[in-house]
Structure formats: C-alpha cells, structure tokens
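Open the structure in your viewer and keep the selection panel at hand. The stops below say what to select and what is there.

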Amino acid sequence: MARQLDAALRAGSEIILGKERELRLAIACLLARGHLLIEDLPGVGKTTLAHLLARLLGLDYARIQFTSDLLPADIIGTSVFERAAGRFRFHPGPLFAELVLADEINRATPKAQSALLEAMEERQVTVEGETHPLPEPFFVIATQNPAFQIGTFPLPESQLDRFLMRLRIGYPAEAAEKALLAGEDRREMLARLQPVLGQAEIRALQQATGQVHAAPPIIDYCYDIIAFTRRSPRFLLGLSPRAGLALLRAARAWALLAGRDAAYPEDVQAVLGSCVGHRLEAGGEYGLGGGDEAAALILDQVPVR
C-alpha cells in the first residue's frame, strides 16, 4: 500500500499546488485516527483539500455548513415517530459519513459545536437512549475562519484539544499561484479524480500506524517535549497527556508515510508544530506566533537524547 499512498500524494499535489507538506500532514492525521482543524482565510483551498481527500481515498463524503442557527439535530440526526410501526425510528444526519467537512465551525453556536466535538471523541452518538456507532474510518475536517472575523464563536481550549492537528494552508508561492491561474479549473479536475485507496485499505493503514515501533528514546523525546512546555514560562499551560499521545500517533503516521516501520526523532519534529500549536498559549509577556514558532522554540530547547 506504500505505492498507493505515494500515488495519492502525487495526485493530490496536482490539484493543490505547492502544498505537499500540508497534504502529507492531512493524510498522516487520518492514518493516526485523529481529526483535523484547518484555520485560515477564505479562499486558500480548505474545502478543496477536504473534497480532494474524500475523492482520493474513496471515502463517503458529507459537508455541513455551520451557521448561527444550526441545531445539534441537523448534525447528528433525529428520531421520528412512525405511526405504522408504533415506534420511533432514527434518521442519521450528515455526521454519519466517513469524511465529514465541518465548514466554518466557529460560525455555529457552542451548543452545535459541542454536538460535533462529542461525537468526534466518542465515535458514536446517543439519541433517545439508543447508541449509534459512527462509520470506520471516521475523519472530520473542520475549517475555522480567523477569530477576528465578524460572527465567529471561538472554540475553547478543551475543544481545540479534540483535534489531533491544526493546519494553516496559507497563500501559494509565486510559481504555484501562477500555475494555478494558468491551469484548469480545480473543480473539473476533482470531478475526474479516481480513488487510489478504499475504506478497507485505510482501516488497514490505520492499524499499521499503531504498530509502527516507537523505541524508548522516542518515548523519552516526546516526554521531554511535554515536560518542557509544562515548566517553561513561555507557555501559560503545558501539553496534556492527550496531547502527548496525539504527538506520538502523528509521528508514527509520518514514519509510515515515509515507508518505515519505526519512528525517528525527525518524525516527531515534522509533526510537532501541527500537533501542539493549537494546544499552547503564550504565558505572561511572551508572544507566540503559531504552531511553527512554538515548534521552533521547543526544538531549540529540547535536545534529542
């Protein structure tokens, strides 16, 4: 399946130009059985990335446009009484797809946000006392507009922690943007795209990710990173144990994408910014520009043993 992963990355890079690293991180997030938050300005390709992954990986896709009047039942589904059967029947909502795009999640009220985030964590929903498991694989890509934009409800820290990674796509480089302007409509290219993998292969790759070997020095390295964030005055609060587990899972997925069955320190370093940037807040008078800046600071201060 390594060749299929490479093929998926190559095909994706032909649609989203100049963003190979972001595409690789998004696939690593899926393989690590996490969920992805993309925070950026409108128009940089957030929705295209979600649609691209669904097409490439052969996943059932649903999009939920988050608005201020969205209700939890619009996401989860609802039970309707059927007179002929004399009982309630559950009608699943768009959440019951393998890849769910939660578009502009911070435009919905905290109540609607919580309905999605609880389901992400538990991978099931309970309605009228009945539990309904979500499909496997189940991957949520949520997009978020910058907090300074009008009509947004920022996600609290405890809910940001539910996302394994946060990405910023950013503007393309000059050459990539000129190629985008001169090239074919991306929507038409997406419509022709054929799946490279399927649900069974994704489940197998997720299982293989969990089996990637993490030697004691890698565990020590992850622990040293976590411990540094807890004692450094640069951060208001340190990383949680859940954040540490997320970092290790993401490093294993990065190693698998590189065709290895063991994680190295460079795998931890490659995913660090995406895994910790949304979980750390600058302490005191210190500033913190984002995930990459936090990662640079940590990597500068925490040596590999």
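Select Gly43, Val44, Gly45, Leu180 and Arg186: of the 19 residues lining the second largest pocket, these lie nearest its centre. A pocket is an open set of points on a 1 Å grid over the protein atoms alone, with protein on both sides within 12 Å along at least five of seven lines, and lining residues have an atom within 4 Å of a point. This pocket has a volume of about 360 Å³, a volume being the space filled by probe spheres set on the points, which are joined across faces, edges and corners. Its lining has 10 nonpolar, 4 polar and 5 charged residues. Here Ala, Val, Leu, Ile, Met, Phe, Trp, Tyr, Cys and Pro count as nonpolar, Asp, Glu, Lys and Arg as charged, and the others, Gly among them, as polar. Helices (H or I, at least four residues) and strands (E, at least two) are DSSP runs, numbered from the N terminus.

The model is predicted: local features need pLDDT of at least 70 and side-chain atom pairs pLDDT 80 or more, while totals for chains, interfaces and linings use all residues. Residues are numbered from 1 along each chain as its sequence is written, and side-chain values use heavy atoms, with hydrogens and water left out.

Next, show the strands. Five of them form an open parallel sheet in the order β2-β5-β8-β1-β9; two strands pair if DSSP finds at least two bridges between them. Which strands stand at the edges? They are β2 (61–65) and β9 (165–167), each with a single partner strand, so one side of each has no neighbour in the sheet. Inside the sheet, β5 (99–103) and β8 (139–144) pair over 4 bridges, and Leu101 has Ile141 in β8 as its bridge partner.

Now select α2 (20–31), which lies across β1 (36–39), β8 and β9 and runs at about 160 degrees to β9. Angles run from 0 to 180 degrees between N-to-C directions, and axes are lines fitted to C-alpha atoms, for helices over the stretch in contact; contact means heavy atoms within 4.5 Å.

A cavity is a set of grid points where a 1.4 Å probe fits but cannot get out.

Finish at α10 (216–231) and α12 (265–276), whose axes come within 10 Å and cross at roughly 35 degrees. Ile218, Tyr221, Cys222 and Ile225 in α10 meet Pro265, Val268, Gln269 and Leu272 in α12.
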